[in-house]
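Dear colleague,

I am handing over the structure below, and I would be glad if you could look through it before reading my notes, which follow directly after it.

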Amino acid sequence: MTLVHLRTGLTHEALGVLYEVGSSTIGRAIREVRPLPADRGFAVPDRPGIRLRTLEDVFAHAAAEDVTLRIDGMETQVHRPRAGRPGRS
């Protein structure tokens, strides 16, 4: 479920429905599992000895391979309850 969350951006509530568990269970699982891939680093296809663990590693690898990086800076509107209303912390 952590990989589904990271890949799709589905909310904890939606994942709870999908996996038939509560959203708090989803949140706990994501918090526990999410650090694991980052600790191991991300593999580079066709380069088995290379692991990128930090953003600096990504930029250095891109520069060494003459790769242009693009960042998706699209904003996503998030709907929140008004201040002072239930559900707003």
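Which residues does His5 touch, not counting residues up to four places away in sequence? They are Leu10, His12, Leu15 and Ile30, where touching means heavy atoms within 4.5 Å. Please keep in mind that this is a predicted model, in which local features need pLDDT of at least 70 and side-chain atom pairs count only at pLDDT 80 or more, while totals for chains, interfaces and linings use all residues. Residues are numbered from 1 along each chain as its sequence is written, and side-chain values use heavy atoms, with hydrogens and water left out.

His5 itself lies in helix H1, residues 2–8 (helices are DSSP runs of H or I with at least four residues, numbered from the N terminus). With a relative accessible area of 16%, His5 is buried (buried means under 20%, exposed over 50% and partly exposed in between, with a 1.4 Å probe and protein chains only).

Ile30, one of the contacts of His5, is also among the buried residues of helix H3 (residues 23–33), together with Ile26, Gly27 and Ala29.

Finally, Val21 is found in the loop between H2 and H3, and its relative accessibility of 32% makes it partly exposed.

With kind regards

Conventions
Helix = DSSP H or I, 4+ residues; strand = E, 2+ residues; numbered from the N terminus.
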